[in-house]
Amino acid sequence: MLGDKSRAIILWSLLDGRAYTATELAISANISRQSASNHLTKLTEVQLLTVEKQGRHRYYKLANAKVAHVIESMASLISLTKEYKKTNAPKLTDFTYFRTCYDHIAGSVGVKITNALLNHKIIEVSGKDYKVTNSGKKWFNSLGIDIDAIKQKKRSFAFQCLDWSERKHHIAGALGASILETMIEKDWIRKKANSRELTMTSTGKKELKNRLNIDV
């Protein structure tokens, strides 16, 4: 399913966590509407996508966060350019610097935030997951993030997601989603229209410097 170029582009386009019509996904993959519909049917049948009908339109999105995690992780195996060498980092662009990966923060900034949380012992590594320390729980509460409530959600709490451009881990799962959501609500972060790219506001820069001692 993932090996077909058109289907791979469709899945990559859906990594922003939003739902799109077959026509919109056909345009992104540069294929016909009929061809896109065929691909979408196959992806839905194997439960990589879900579809919801609203009025005359059918909207497709990734089935869950686990699918997004697989796609993002697989991308780290691919050379970003023909000149890419394993020992070199990819060229820094707005997209590789600061973006969403499904519903959490990715890119250089996502890795910086995760490393800062680890360095300040707010979170710690537990196998392939992250767990929040006692002092970390207080830190998150100061942001308005209720760790106990997040743990009650029917999804992974916090796990390591391999960032395809940084080749390092950022934080994903319910906690990663809450961090992004909270920072957007506080206007630390803003989403760019029709893009997975994010921008950091002046307030966000000050808060991250004060709270985590990182410059973004």
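A cavity here is a set of points, on a 1 Å grid over the protein atoms alone, where a 1.4 Å probe fits but cannot get out. Grid points are joined across faces, edges and corners, and a volume is the space filled by probe spheres set on the points.

The model is predicted: local features need pLDDT of at least 70, side-chain atom pairs count only at pLDDT 80 or more, and totals for chains, interfaces and linings use all residues. Numbering starts from 1 along each chain as its sequence is written, and side-chain values use heavy atoms, with hydrogens and water left out.

Two cavities reach 30 Å³ or more.

**Stop 1: the largest cavity**

Select Ile105, Gly110, Ile113, Thr114, Leu117, His170, Ile171, Gly176 and Ile179. These are its lining residues (an atom within 4 Å of a point). The space inside is about 60 Å³.

Now colour by element (DSSP runs numbered from the N terminus: helices are H or I, at least four residues; strands are E, at least two). Helix H6 (107–119), strand S8 (169–172) and helix H9 (173–185) each give at least two lining residues. H6 has the largest share, with four.

Switch to residue class (Ala, Val, Leu, Ile, Met, Phe, Trp, Tyr, Cys and Pro are nonpolar; Asp, Glu, Lys and Arg charged; the others, Gly among them, polar). The lining shows five nonpolar, four polar and no charged residues.

**Stop 2: the second largest cavity**

Its volume is about 40 Å³. Select the lining, including Ala65, His69, Asp103, Arg155 and Phe159. Helix H4 (65–75) and strand S7 (159–162) are the elements giving two or more residues. H4 supplies the largest share, three. By class, this lining has six nonpolar, three polar and two charged residues.

Conventions:
On a 1 Å grid over the protein atoms alone, a cavity is a set of points where a 1.4 Å probe fits but cannot get out, and a pocket is an open set with protein on both sides within 12 Å along at least five of seven lines; lining residues have an atom within 4 Å of a point.
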